[in-house]
Structures are given as structure tokens and as C-alpha cells.
Amino acid sequence: MGRPQSPRPPPLVVLLLLLLLLPLPLGAGDSLPTESRLMNSCIQAKRKCQANPICKAAYHHLGSCASTLSTPLPSEDSSVSADCLEAAQQLRNSSLIDCTCHRRMKNQTTCLDIFWTVHPARSLGDYELDVSPYDDTVTGKPWKMNLSKLKMLKPDSDLCLKFTTLCILNDKCDRLRKAYGMACSGPHCQRHICLAQLRNFFEKAAESHAQGLLLCPCAPTDKSCGERRRNTIAPSCALPSEPPNCLELQSRCLTDALCRSRLMDFQTHCHPLDILGTCATEQSRCLRAYLGLIGTTMTPNFISNFNTSVALSCTCRGSGNLQEECEQLERSFSHNSCLRKAIATKMRFHSQLFSQDWAPPTFSVMQHQMENLALRTQARVPLLFSCTLTLVLLQSLW
């Protein structure tokens, strides 16, 4: 009886196709946040630091130095003690130096406090205004809105009313919207409570609902639509009745870890790099950073019911020698080409969703899913190349 033949290995092409179907490693192409992507959060990095006596002592000491190390100072300035500089230097070799936070994580404020405590160690006194503490990964999710529910509305209803209706028909969006509506209404509303509920809405509501409410397109002559859009953030309560100086507004923001973080995120992702308007990052990141400011001291809003220009609720009157700096801050919102383009693009997308010649709602969801599949496949290409040689060698061994 002859020796049984060993089974032939699958062809190389079959192995490659199977590799395409394998799930990606966590974080390589997933559209949802994964645990591996959270491994270097500042909370976890601090926990590791606390287990090391040297790192623990340096972190504790740096916390008392933050006020002097957070502003740029000459190297010979004696107000920065050698102990503070030594503590900062020691932390530069710890996992804290590269830690980040996430917008929807638990204990976000604690994470941000840790980030800004360690921030001086990243530059040893060179204050970097545009450093965002947030992991800048943008996750895409398919649209889950059922546009067929809008049949109850008149066909010529404005788009802001349609997006409001979609929010009302969604239990979570409706609950969050009612919460900030109650907190921000009435003649004696408390602004800090109103802002907290606004933040809660824009952090917890589905991005499609939040962006639909705030960035709904209106015809230039449709005053009621523009008014509904402008009132989305309840400006009568959320914004100061008397506009303060813009630099004072910024100073108050920088003393709060959350507001400071959202401002840095906005300046990172909505920053034009040159006079041609080249933007630092993608429009999706800029929009997310812009929405992140709503509910903070630096809450922006549309300046009128008839256009989509936005601005801070502040003035540069009385800025003295800092007039130019103040105007630069104000223009970073009112004349920001990256933000303007991002808002315009999103509004066009929202308009197309309801246009007569646009594909059915189910198609828009499927299209988004196909785009995600294409991105996942694209993410596998480097993996395929790296594994091809190994598979060829295995073939030769069989």
C-alpha cells in the first residue's frame, strides 16, 4: 500500500483572498473605537506612572509647577525652579508624554486635567497653543435616519424643520434636546447649566442628528429657517448678554481644562496653513472640533438668520496694545476659510439628502457602508504586501 499523499496546500490566490476576509487587527480599519485605541489614555498612563516612585513624585511635583511652566519663559528666568524643570524632564520618558483623551470617554475631565498637568513637560516651557489633547481618529458611521418618517410634513417644509422632526422622532435625540431646551429657556435661566446641557447634547446625540440640527441649509430669503438654525443653541441663554472682550473670553477658557482642550482642538483642525486656504486636516475633523466648542465659554454661533457666517459672541473694543491679537482671534472664527468650506460642504450634503433627484434614503446608507468597506479593504493592502512573501515561502516548503 503506497504512502498517502499529503494534501496540497491551497493556491496562493485563495490564501490572499482569505486574508482579505479576515478581520483587521483592532484599530486598523474599524469604524468604532476599540480598546486598543484607548490604551494610551492619560488616565491609564497616569496609573502606570503611579506604580513607579520616581514618575509618581515627578508628576506630583509638576502639578505645583504648572502655572509657571505653562507660559513661555527665557531659559535664564529664575521664576522656573530647577526642581520644576527636573520634574518635567523626568516625565518626558514616561508614557504620560504621548497620552491622549477621547471626546466620549468616561472621566473625560479627569483625563484632560492629567493631559494639561503633563503638557509643560512636552515642551519644557514653550507653550504650544495648537496642541490638541484628543485622539484625532475620525470614525465614520452609516446614516441611520429614516427619511420616510418625514411624509407627515409638507413637501415644501424647510430643511431645518425636517431635521428637527427627525430628532424628535429619535428617542435619544429628543430626550437630549428637551433637556437643554428646558435648561436654556425662561427669563431666569442659569447660563452654566444651559451650557452643560448643550455640551451633553452635542457629545451624546448621534453625530448625524447633531450636525443636521445645527448645519441645516436654508434658502437665503427663508428667514424662519435661518432663525430656527440660529436658535439651535438657545443663544438668548447660552451666550453672554453683553459681549465681553474676546481676549478675556479666551483667558477664561484657558483656565478650564475642557474649554481649553476644545479650543486647542479647533485651532488644530480648522487652521488654514497659508493664504491660499490650505487646511491642516480633513473637513470632518474641523466640523467635529467646531461642534465641540458648543457649550463652552467659547461657544460660537451664526451671526444672522440670512447667511452661514459664524462668530464668537465677543468684541475687540478696549483691547489696547493687544488689538491685533484680539482681531486675529476673532477672525479665526468669522474669517476662517477651512471652517467655512467644511460648513458649506456639510450643508450641501444635507440638502442633497432631501432633493428630488437624490437616491432613496436606504441607498445613502448602503453607499456609506460600501465606502467603509472600501476603506477597510484599502487598509488591508499594506498587510497583504507584507504577507505575500511569507505565503510564497510556505508554498515552496509544501
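Buried, on this tour, means under 20% relative accessible area. Keep that cut-off in mind: at 2% relative accessibility, Cys259 counts as buried. Note too that this is a predicted model. It holds 13 disulfides.

**Stop 1: Cys253 and Cys259**

Start with the partner of Cys259. A disulfide joins Cys259 to Cys253, with 2.1 Å from S to S. Cys253 is buried, at a relative accessible area of 0%. Now look along the S-S bond. Its torsion is about -110°, so this disulfide is left-handed.

**Stop 2: Cys160 and Cys216**

Select Cys160 and Cys216 next. Their sulfur atoms lie 1.9 Å apart and form a disulfide. Which hand does the disulfide of Cys160 and Cys216 have, right or left? The torsion about the S-S bond is about 90°, so it is right-handed. Now colour by secondary structure. Cys160 sits in helix H6 (residues 159–168), while Cys216 sits in the loop between helix H9 (207–214) and helix H10 (223–230). The pair therefore ties together parts that are 56 residues apart in sequence. Cys160 is buried, with a relative accessible area of 2%. Cys216 is buried as well, at 1%.

**Stop 3: Cys184 and Cys194**

Move on to Cys184 and Cys194, joined by a disulfide with an S to S distance of 2.0 Å. The S-S torsion here is about 100°, so the disulfide is right-handed. Cys184 lies in the loop between helix H7 (171–183) and helix H8 (191–204), and Cys194 lies in helix H8 itself, so the bond links parts 10 residues apart in sequence. Both Cys184 and Cys194 are buried.

How values were computed:
Residues are numbered from 1 along each chain as its sequence is written. This is a predicted model: local features need pLDDT of at least 70, side-chain atom pairs count only at pLDDT 80 or more; totals for chains, interfaces and linings use all residues. Side-chain values use heavy atoms; hydrogens and water are left out. A disulfide is a pair of cysteine sulfur atoms within 2.5 Å. Helices (H or I, at least four residues) and strands (E, at least two) are DSSP runs, numbered from the N terminus. Buried means under 20% relative accessible area, exposed over 50%, partly exposed in between (1.4 Å probe, protein chains only).
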